[in-house]
Amino acid sequence: MKYFHKIMKEISQELDIQISFLSKEWIIMLTKENQNHFISGYKFDLLPHGLGIVFDDKYALYHVLTNRNIPIIQHHIIYHEDNPYEYAKDCKGLGYLTQLFQKYNHKIVLKTLTGTCGTGVHLVDSEEELTQLFSRLISSHSALSVSPYYLITYEFRAIMLKGKVKLLYKKIKPLVIGDGIRTKRELLMEFNPTYFETHLIQNAEEILKLGEEYEYDWHFNLAKGAKASMEIEKEDLIEINKILEKVNELFNHEGFYSIDIIKTTSNQFYVMEINSGVMIENFIDQQTDGYQRAKAIYKEAVMEMFNGNK
């Protein structure tokens, strides 16, 4: 929470709100005129509790959106072999996972069911890795999520408040193309200096051949080296807005959340995930006006928490 607590202190002072940091500063309590509101991590109490749980559960969200014909990447759920419940009988264990691995041409994304920020998300393309990852992840999680691997051109993030887009940007994964002169370090520093001046680059001094591609990370997470861009093509914006309108209608234009949408190499658009917490930290670092943008969004969310109850 590099900036978040500072921003919340400033907002509270400007709005004459008493602020308290609880539970080792993970919980923020805001108090004004006998109203108390809470922020847990980056989750504001602007979402109904049940809806927040649906957002954070990848398999549940998949079924909710699919039910309304909203395009979302395919998800399967996989349970531990020891799960005793009838609903889990057809989707348990390494055997079921191996079937999915074969179904999707030996390339899948295996992830924890409720993870965020790319944490616990693994691209698997070998049976040895599949076995090892499954054993490690299922030992500490009741269920996992499995998706086919999509060839993604861009990922887009929209931050929504009460059905309105407060911020929309494109995420570009850290992939550079050699010119036969510069090193990996130099190319990646040019791509995203904020991230790569402090993070390890394997064989950093290697000079990439002319036209040679080097993908530092396959994720589109800003926290993993991707870059935020405010430049979005008109055609892409049209497709993104179609999806956002459907999602907003489904959820009654409620809440404060972020939604990630992918564009594939075949020009298809899908929801990837919805996050009940709204983190703008890494965006701040990459934009000259990032701090003020983030503060304005968070301030509006805080005002909505208090004014929405009147």
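## Close-up views of a predicted model

**Figure 1. Surroundings of N192.** Leaving aside residues up to four places away in sequence, N192 touches G225, A226, K227 and Q286. The model shown here and in the following views is predicted. N192 sits in the loop between helix 6 (184-191) and helix 7 (193-196). Buried means under 20% relative accessible area, so N192, at 2% relative accessibility, counts as buried. A polar atom of the N192 side chain lies 3.2 Å from the backbone oxygen of G225. The backbone oxygen of A226 is 3.0 Å from a polar atom of the N192 side chain.

**Figure 2. Strand 14 and its side chains.** Strand 14 covers residues 256-264 and is mostly covered, with nine of its nine residues buried. In a regular strand, side chains alternate between the two faces of the sheet. From strand 14, F256, S258, D260, I262 and T264 point one way. Y257, I259, I261 and K263 point the other way, and the residues of both sets are all buried.

**Figure 3. Strand 14 between strand 9 and strand 15.** Strand 9 and strand 14 run antiparallel and are joined by nine bridges. M160 has Y257 of strand 14 as its bridge partner. With strand 15, strand 14 pairs in the antiparallel sense over six bridges. In this pairing, I262 has Y270 of strand 15 as its bridge partner, and K263 has F269 of strand 15. Strand 14 and strand 15 form a hairpin with four residues between the strands. In that hairpin, N267 takes a positive phi near 65°.

**Figure 4. The hairpin of strand 1 and strand 2.** Strand 1 (residues 18-22) and strand 2 (residues 27-32) run antiparallel and are joined by five bridges. Q18 stands opposite T31 of strand 2. Four residues lie between the two strands of this hairpin. In the turn, S23 has a positive phi of about 50°.

**Figure 5. Lining of the second largest pocket.** The second largest pocket has a volume of about 220 Å³. Its lining consists of F38, S40, K43, F44, D45, L47, P48, H49, G52, I53, D56 and S276. Strand 3 (35-40), strand 4 (43-44) and helix 2 (49-56) are the elements that give two or more residues to this lining. Helix 2 gives the most, with four residues.

How values were computed: Residues are numbered from 1 along each chain as its sequence is written. This is a predicted model: local features need pLDDT of at least 70, side-chain atom pairs count only at pLDDT 80 or more; totals for chains, interfaces and linings use all residues. Side-chain values use heavy atoms; hydrogens and water are left out. Two strands pair if DSSP finds at least two bridges between them. Buried means under 20% relative accessible area, exposed over 50%, partly exposed in between (1.4 Å probe, protein chains only). A polar contact is a pair of N or O atoms within 3.5 Å; within protein, one must be able to donate a hydrogen and the other to accept it, and residues adjacent in sequence count only if both atoms are side-chain atoms. Contact means heavy atoms within 4.5 Å. On a 1 Å grid over the protein atoms alone, a cavity is a set of points where a 1.4 Å probe fits but cannot get out, and a pocket is an open set with protein on both sides within 12 Å along at least five of seven lines; lining residues have an atom within 4 Å of a point. Grid points are joined across faces, edges and corners, and a volume is the space filled by probe spheres set on the points.
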